[in-house]
Amino acid sequence: SFKFFENFDIDDELWYYTKIDESSSFEKEEFLGDTYLLNGNGKVLAEYNGIDFRQLSRKLLLRTFGLDFSQWYYQIEWQPAALTPSETQEPGTYLLFCPTGESNSKSKPWSDSLNSQLLEQGHQCIVVYPGDSYKNLSSEAKQQTIQLSPTDPEHFQKLLDEVNELTEELPLQGVIHLWSLDTDVAELAKAEEVICGSIINLLQGMRSLEQSPPLWLVTQGAALGFTSQESEVSSNIQPQQALLSGLGKSITLEYPQLYCRCLDLDPNTEASENLKVLLDEVANHQPSTSWENQIRYRQGERQVARLIQPRLDTDDAKLTIETEASYLITGGLGALGLEVAQFLVKQGVKSIVLLGRKSPSETAQESIQELEAAGAQVSVLLGDVSVEKDMVEIFQQIQDTLPPLKGVIHAAGVVDDGFIQQMSWEQFTKVTAPKVAGTWNLHKLTKDIPLDFFVCFSSLVSMLGSPGQSNYAAANAFMDAVAQYRQNLGLPGVSINWGPWANIGLAARMGAQQQSRIESQGLQGIQSEQGLQALEEVLATQEPQIGIFNIDWSHLLSQLGAATPPFLSEIASQHPLKGANQGPKQQEFIEELKVATTEQRQSSIVDYLLGIVAKVLRLSKSDLPDPEEGFFNLGMDSLMALDFGRMIQTDLGITLSSTSTFEYPNIQTLAEYLEGIIPKIEQTETESETTDTAIDLKNLIAEVSQLSADNMDEAIDDALNQLYQSIYVGN
Ligand SMILES: NC(=O)c1ccc[n+]([C@@H]2O[C@H](COP(=O)([O-])OP(=O)(O)OC[C@H]3O[C@@H](n4cnc5c(N)ncnc54)[C@H](OP(=O)(O)O)[C@@H]3O)[C@@H](O)[C@H]2O)c1
C-alpha cells in the first residue's frame with residue numbers, strides 16, 4: 001500500500017528510510033519491507049508498505065536511464081561449418097589472378113600448382129599476372145598467360161574481350177583472385193592498387209562479359225579472430241589483405257549474381273593444404289541465394305563468419321586517464337572528434353591535440369573555447385594524417401612541446417559514395433587515404449610509445465557491408481585489421497564499428513537517399529551521450545573490434561525475409577519475427593512433441609527452454625542454468641523476458657501472456673505449463689486417455705474434498721487471481 005501524507009517537491013532534500021521485514025530471506029536476496037519517504041527535517045511525507053526488494057544490477061539501472069548498450073554491441077565470430085559437397089562440375093574455364101611471387105615467394109609455387117591441378121581436372125585456365133604493361137606471355141592449349149597493370153581499366157577491357165573469345169566452348173566457371181597473397185603492408189599504396197585497383201577494374205569490365213562467373217577473393221591471414229577469445233597469436237597477419245575482405249562485403253550486395261566469396265586461408269599451414277582447401281571450395285561451389293560469403297580455414301577447420309551479440313563485461317567500466325599526458329584526436333575538429341575531446345576533458349585530460357587539415361570552423365572554435373574554459377590546453381595541429389611527412393612533423397611537435405602522448409583516437413575520415421560500376425580510382429582512394437595510409441602512419445609513429453589506448457573510429461559498414469560504399473567498407477576493414485594486428489604485437493588497439501550518430505557528423509550529413517536507406521534498415525541514430533558512454537565501456541575491455549549500433553532487427557529481418565544472409569543467422573534466431581512462420585526445425589520439434597509421452601514432452605520442453613534462456617542471456621552451451629533457478633535470478637530483465645516470450649510464441653505457435661515469466665518463474669514450472677497447452681495428437685489409445693482424464697478427475701475430486709474451508713478459499717482466490725492476471729494484465 002502507498003500512503004501520501006503531504007505534497008512535496010521532487011527537488012527538495014528527501015530521504016528514504018527502509019525497514020526490512022524479518023521474514024526476508026537474506027540467503028536468497030529476497031527482501032520484504034516498508035519504506036518511508038522523509039523530508040530534511042525527518043517528517044514522514046509518504047509511506048510504502050510491503051515492498052518486495054530485489055537487487056538491481058548496474059546494467060538494469062543504466063537501462064532505466066537509457067544508458068545500457070549491451071544490446072548494441074556486436075562482434076564477428078568464426079563458427080565451424082563443414083563444406084557441403086556438390087555435384088561434379090563439367091569442364092569449364094577459370095580466370096586465375098595469380099601472384100608473381102614478388103613480395104611473398106611462398107604463394108607463387110602453390111598458386112601455380114592450382115593452375116596445373118585445374119588443367120588436370122580438364123578445365124581451361126587463363127592466368128593473369130600483375131605487371132606494368134599488357135602482354136600475352138604464353139598461349140598453349142587450354143592455358144593462356146597474360147600480364148596486365150592492376151590500375152589500367154583498358155587492360156582489363158582487353159583481357160575480358162579475350163576471355164569472351166576463349167570461353168565459347170568451355171564456359172567461364174569461376175574467377176579466382178589471389179593477388180593479395182603477394183602484397184606487403186610495408187608497401188601499402190602498391191598493395192591497395194594491386195588488391196582494390198584490380199578488383200574495381202575487373203568488375204567494371206565484367207559488364208562486357210557474356211557470363212556471370214562466381215568470384216573468389218582469396219586472402220591468407222586477413223580474416224582475423226575478431227573477439228578477444230578468438231584472436232590469433234600469429235606473426236602472419238596481413239592487415240592490407242583486409243582491404244579485399246571489406247571490398248568483398250560491398251561486392252556481395254552490389255553484384256549478387258557473382259556469389260562473391262571471401263576465402264581466408266590459414267597463414268600458418270603448409271602450401272599443399274591451402275591448395276587442397278581452395279580446390280575443394282571451388283569444386284563444391286553452390287550458387288544459392290544463401291551462400292556463405294565469409295569463409296576461413298584455421299588448423300584444418302573450415303569456419304564461417306557470424307554476427308553475434310557478445311556479452312561484454314562492462315559492469316565496472318571506468319576510463320583511467322593520466323592527467324599529465326597528451327591525447328591526440330585525428331579528425332579532432334570534426335563532429336565526433338570534438339565530442340570525444342569534451343568527453344576526455346571531463347574525464348580529467350589536461351592536454352588535448354586536435355588534428356585536421358583545415359583551420360577550425362566556427363563551431364569547432366566555440367567547442368575549443370569550452371575545452372579551454374574547462375581547464376584543458378588545446379593544441380590544434382594542421383596536417384594530413386595520410387601524409388607520412390606531415391605526421392612525422394606533428395609527432396615531433398607533440399614530443400618537443402607537450403606532455404607525453406598516452407592515447408590516440410583516430411577519427412579522421414571522409415565519405416564519397418558511389419557504386420563500384422561508376423567508382424573512379426580517385427574517388428576510391430580519397431576515402432581510403434585517411435583510414436588506410438592514415439592508420440598505418442599512426443601505427444608506425446606510436447608503436448614504440450607506451451599508449452593507454454589506440455582507438456580507430458571504424459564503421460558498421462565494414463561489418464555488415466553497404467551497397468555504394470565499397471571504398472568506405474575497404475578502408476574501415478583495414479582499420480579493423482590493424483587494431484587486431486596491434487593487439488598481436490602486444491600493443492593497445494581497438495576498432496569500433498560505429499552505427500550512425502544522430503544529428504551530428506558524417507552520417508547526419510549524408511544525402512537523402514543514404515539517410516532513407518539507413519532508416520529503412522531499422523537503424524537508429526546514436527545520441528552523443530550514449531556514444532560516449534559506450535566508448536568508455538569499450539575502452540575498458542580488451543576486445544580488438546566491437547560494433548556499436550542501434551538496430552531494430554525485427555524490422556530489418558522482416559524486410560530481408562528468405563534473403564537473410566547466413567552471416568545474420570545467429571541474430572535472426574534471437575530476433576524471431578512477430579507472426580513469422582515457424583521454420584522446419586521448429587515444426588519438427590512440435591511434431592515430435594505431439595506424439596511423445598507426457599514425461600518425454602516435459603523433458604524436451606525443459607531442454608528447449610534451456611536453449612532459449614541461453615540465447616536470451618547469451619550463455620554458452622556449457623553454462624546452462626539449473627531449470628529450477630528463477631529467471632530473474634539468472635539476470636533476465638523485463639525486456640529480455642519479452643524477447644524470451646516472443647521466441648517461445650514464434651517457435652511453438654502458442655500465445656503466452658506478457659507476464660508468463662512472473663507466473664511461471666523458472667524453466668521447470670514454465671515447462672509444466674507449456675506441456676499442458678501444447679497440442680497432443682489424440683492418440684488411437686483414446687481409451688487410455690479417457691482413463692487418464694478420469695483418474696485425474698477422480699484425484700482432483702479427492703483432493704478438493706480434503707481441503708479445509710480456508711484452504712478452499714485460498715485455492716479459489718488463487719484461481720481467480722490467475723484468471724484476472726491473464727485477462728487484464730496479460731492483455
Ligand atoms: N558520424 C557518424 O555517424 C559515424 C558513423 C560511423 C563511423 N564514423 C567515423 O567516425 C569518424 C568521425 O566522423 P565524423 O562524423 O566526426 O566526421 P566529420 O565531422 O566529417 O569529421 C571528420 C574529420 O576528419 C578530418 N579529416 C578528414 N580527412 C583527413 C585527413 N586526411 N587528415 C586529417 N584530418 C582529416 C576532417 O577535417 P578536414 O577535412 O578539415 O581535414 C573532419 O574534421 C570518421 O572516421 C567516420 O568514418 C562516423
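This is a predicted model: local features need pLDDT of at least 70, side-chain atom pairs count only at pLDDT 80 or more; totals for chains, interfaces and linings use all residues.
The protein has 25 helices and 23 strands. Of its 731 residues, 50% are buried. Taking contacts between residues at least 6 apart in sequence, 73% of them join residues at least 24 apart.

Let's go inside. In soluble globular proteins, nonpolar side chains tend to be buried together. Here, the largest nonpolar core contains 46 residues. Leu95, Phe97, Leu159, Leu202, Leu203, Leu215 and Ile251 are the members with the most contacts inside this core. Helix H4, which covers residues 188–205, supplies the largest share of the core, with eight residues.

Leaving aside residues up to four places away in sequence, Leu203 touches Leu215, Ile251, Tyr255, Leu258, Ile420 and Gln421. Apart from this core lies another one, made of 41 residues, and Tyr327, Ile329, Trp501 and Leu532 are among them.

The axes of helix H5 (residues 242–254) and helix H13 (residues 470–488) come within 7 Å and cross at roughly 145°. Their crossing is right-handed. On the H5 side, the residues that take part are Ala242, Leu243, Gly246, Leu247, Ser250 and Glu254. Their partners in H13 are Ser470, Ala473, Ala474, Ala477, Phe478 and Ala481. What kinds of residues form the contact of H5 with H13? Eight are nonpolar, three are polar and one is charged.

You will find Asn503 in the loop between strand E20 (494–498) and helix H14 (505–508). Is Asn503 buried or exposed? A residue counts as exposed when its relative accessible area is over 50%. Asn503 has 67% relative accessibility, so it counts as exposed. Asn503 still has neighbours: not counting residues up to four places away in sequence, it touches Ala508 and Gln527. Asn503 and Gln527 are 24 residues apart in sequence, and 7.9 Å separates them in space, C-alpha to C-alpha.

How values were computed
Residues are numbered from 1 along each chain as its sequence is written. Side-chain values use heavy atoms; hydrogens and water are left out. A nonpolar core is a set of buried Ala, Val, Leu, Ile, Met, Phe, Trp, Tyr and Cys residues joined through side-chain atoms within 4.5 Å. Buried means under 20% relative accessible area, exposed over 50%, partly exposed in between (1.4 Å probe, protein chains only). Helices (H or I, at least four residues) and strands (E, at least two) are DSSP runs, numbered from the N terminus. Contact means heavy atoms within 4.5 Å. Axes are lines fitted to C-alpha atoms, for helices over the stretch in contact, and angles run from 0 to 180 degrees between N-to-C directions. A crossing is left-handed if the near helix is turned anticlockwise from the far one by less than a right angle, and right-handed if clockwise. Ala, Val, Leu, Ile, Met, Phe, Trp, Tyr, Cys and Pro count as nonpolar, Asp, Glu, Lys and Arg as charged, and the others, Gly among them, as polar.
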